[in-house]
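Student: I have a model open and would like to learn how to read it. Could we go through it together?

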Amino acid sequence: MIANYGYKDGSGDYFIAIDTDRCDGCRGCVEACPVNVLEVVDEDPNDPFREEPIVIVVSDKRKKIKYECGPCKPPTNRPPLPCVEACPQGAISHSW
Amino acid sequence: MIIAGIDCGAKNTKTVILKEGSIIGKGTTLTGFDQVSAIKGSLDAALKDAGIHARDVDNISGTGAGMEEIKDADLKVNEIKAMAKAANYLFPSARTVTDVGAEMGRAAKIDENGKAVDFAINEKCAAGAGAFIEAMARALEVKLEEMGPMAIQSNKSIPMNAQCAIFAESEVVGLIHGKIPKVDISKAIHDAMASRVVSMIRRIGVNEDIVMIGGCGLNPGFVDSLKNQLEIDKVYIPDDPAFGAALGAAVVLKEEA
Amino acid sequence: MSEEDKPEYWRWTESNWRNPDIRWEDAKIVTAGIDVGSVSSQAVVMTDGQVYAYSNMRTGSDSPESAMNALNFGLEGTDMPESRIDYCIGTGYGRVNVPMADRTITEIACHARGAHFIYGPGVRTVLDVGGQDCKAIRCDEKGKVVNFLMNDKCAAGTGRGMEVFADLLSVPITDVGQRSFQVEDEPEPVSSTCVVYAKTEATGLLRKGWGVNEVLAAYCSAMSERIFSLIDRIGIEKEFAITGGLAKNRGVVDRLMKEIGLAPMKTDWDTQIAGAVGAALFGYVLVQKGKGRKG
Ligand code: SF4
Ligand code: SF4
């Protein structure tokens, strides 16, 4: 499943997409993220039959994800995103 | 040389008259739905303020959301360039400038010559612009000018969950029903709005001195929240922050002339 | 105008229903799903995976109370005691406040499941536009979620955005759809997405001499464009189903379906119970798997 966490508003689309078939809950991204946007939970809240841990975007950060991730995304010379780089499975992508 | 810098913004149109590099007049009008007459109105007001006639003006430069409507403009200046030059003209030590107006917020990192080296923009969502505070003032049934002075009377920090101006209105109504004092609600509103501007500034880096222009510079509640969240003691704000972009446009033309 | 005196938008009547062909006394497993949304709450009671009874009510200011009211209203006249329910699942925006829930599951999973039940296994894309959010879900032939997104940050593209416009133009929300088609030519959509700025834009259009119906048409098509771009992110596959309050606004739905190029699926069920149906179904499966309270 592709879980898109985030939002679209007048200014654009801001979604972090997690490929739950790839994520194995290793926590690499959680530790890489400087502002605790991501967390690993024991059960997928969107899939009651999945029993392995999975990463999600912390719920109270979803509505301000554009701002939360701001420091990782300087307007020019953007380095690779820590969370994306830290994921050995390539399970995380950002829409902006 | 006499230059008129006109900033046709979403809410107000502002004009600054620059003579040999010094400001000699200013004028402003509501933009409303007729940008062309707003442009004329603000220019006329500025000419009158300066005590000169339209024929005395050598060049006109324009900026702002409605700059395409400034038909007499000899130069159209991009908003980032205008704000960077304005900051440098007003405070040469400025390294960061932020412009927060009715319908947009911008921030730029500038060098010692007033050149923008990096910038970030918040637009098209009222949650990150002055329109947010305006909408909340309506929900609180308080005059817009009173919002800021109310906010600085509070030392509470109540978090607001809604990140949208429309949803925040209901949240404010809920807080009123919950008997939360209006001063505290007003502070919460300014904190919420400032946090979005601060995140934008953080994207380009917080480098002092920080200058703020744009209409929100007149709002002490907003400036207070901004300083607290940036964790700095001083934000440099000119006397008439709303004229910042108009001034910047004029300065750019002067330098390029 | 205070929040309470506001006219009721996205109007629907509170209702309950019981399946006359089922005797709950014969059931092996009884499960319930309770969906507490920001505007409405539903309770569905299932006997061995079949819908036995349901209710659909307005959400009050207190979520636990709304959940209880919905369940009681659903069980009204059935003489089934609440204690007969083997497993109860809470879903929706207020799911953590469902006191009798044994477990909570997100509205995303429940909606997909419920749509699969209500529309049948052919459904692949479910769009749900509620009062304060918009969900787009793609699911497989088993009703399992394949791709989803939920937008609850921005009022544009939600029932609330339409409410603001209905208010601005003093048009009852139930008339918006019909009136939006009473125009000679389809106008350009309102260009601002943000509801705050769209309001300003609309005021300008009225001042320019546009009629109210034209402005409504321009907003309905702006809303349909916006919703289209949201679903487009997850990819549209047929068959396509719409649930939630928006389903009742032809002004947006017809324009949206034209853009998508598909006809929406039809059902005899009340589509508002999709989330609660999904929740009750999950309960049924979990009990069968031995995960329920009495399993
Ligand atoms: S981009 Fe940065 S802030 Fe955002 S989730 Fe990734 S690591 Fe965290
Ligand atoms: S409706 Fe709300 S979130 Fe959407 S763009 Fe406007 S202020 Fe922003």
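Student: Where do we start?

Tutor: With confidence, as this is a predicted model. The model scores ipTM 0.94 and pTM 0.92.

Student: What pLDDT does chain C average?

Tutor: Chain C averages 91, and 95% of its residues score at least 70. Residues 1-5 of chain C are a stretch to read with that score in view: their pLDDT is below 50, and beyond near neighbours in sequence the stretch has 6 contacts in the model.

Student: Now the interfaces, please. How is the size of an interface often given?

Tutor: Often as the accessible area that is lost when the parts come together. Here, chain A and chain C bury about 2100 Å² between them, with 54% of it on carbon and sulfur atoms. On the chain A side, A:Lys8, A:Pro48 and A:Phe49 lose the most area to chain C, and together they make up 30% of what that side buries.

Student: How many residues of each chain are in contact there?

Tutor: The contact involves 21 residues of chain A and 29 residues of chain C.

Student: What can side chains of opposite charge do when their charged atoms come close?

Tutor: They can pair. Over all chains of this structure, a search finds 31 salt bridges. Across the interface of chain A and chain C there are 4. To see a salt bridge in detail, look at C:Lys153 and A:Asp9, whose side chains meet at 2.5 Å, N to O. C:Lys153 sits in the loop between strand 9 and helix 3 (159-168) of chain C, while A:Asp9 belongs to strand 1 of chain A.

Student: How does the interface of chain B and chain C read? How many residues does each chain bring?

Tutor: Chain B brings 16 residues and chain C brings 18. The two chains bury about 1400 Å² between them, 68% of it on carbon and sulfur atoms. B:Phe33, B:Ile166 and B:Phe167 supply 46% of the area that chain B buries against chain C, more than any other three residues.

Student: How many salt bridges are there between chain B and chain C?

Tutor: The count is 0. The polar contacts number 3 residue pairs, both residues at pLDDT 80 or more. Helix 5 (residues 165-177) of chain B gives the most to the side that touches chain C, with 6 residues. That side of chain B divides into 11 nonpolar, 3 polar and 2 charged residues.

Student: Let's turn to sheets. Through what do the strands of a sheet pair?

Tutor: Through backbone hydrogen bonds, either parallel or antiparallel. Pairing can be followed from chain to chain here: strand 1 of chain A and strand 9 (residues 145-151) of chain C pair in the parallel sense over 3 bridges. Within this pairing, A:Ile2 has C:Asn147 as its bridge partner.

Student: What is the strand order of the open sheet in chain B?

Tutor: The order is 3-2-1-4-5, five strands with mixed pairing. Strand 3 (22-30) and strand 5 (75-76) of chain B are the edge strands, each pairing on one side only. Strand 4 (residues 59-63) and strand 5 of chain B run parallel and are joined by 2 bridges. You can find B:Gly62 opposite B:Lys76 in strand 5.

Student: Which residues does a cis peptide bond join in chain C?

Tutor: C:Lys238 and C:Glu239, with omega about 5°. C:Glu239 is in the loop between helix 6 (212-234) and strand 10 (240-243) of chain C. In chain B, the peptide bond from B:Glu208 to B:Asp209 is cis, with omega near 0°. B:Asp209 is in the loop between helix 6 (182-204) and strand 9 (210-213) of chain B.

Methods. Residues are numbered from 1 along each chain as its sequence is written. Chains are lettered from A and ligands numbered from 1 in the order in which they are written. Side-chain values use heavy atoms; hydrogens and water are left out. Contact means heavy atoms within 4.5 Å. Buried area is the accessible area (1.4 Å probe) that two parts lose on being put together, summed over both. Two strands pair if DSSP finds at least two bridges between them. Helices (H or I, at least four residues) and strands (E, at least two) are DSSP runs, numbered from the N terminus. pLDDT is the predictor's confidence in each residue, from 0 to 100. A polar contact is a pair of N or O atoms within 3.5 Å; within protein, one must be able to donate a hydrogen and the other to accept it, and residues adjacent in sequence count only if both atoms are side-chain atoms. Ala, Val, Leu, Ile, Met, Phe, Trp, Tyr, Cys and Pro count as nonpolar, Asp, Glu, Lys and Arg as charged, and the others, Gly among them, as polar.
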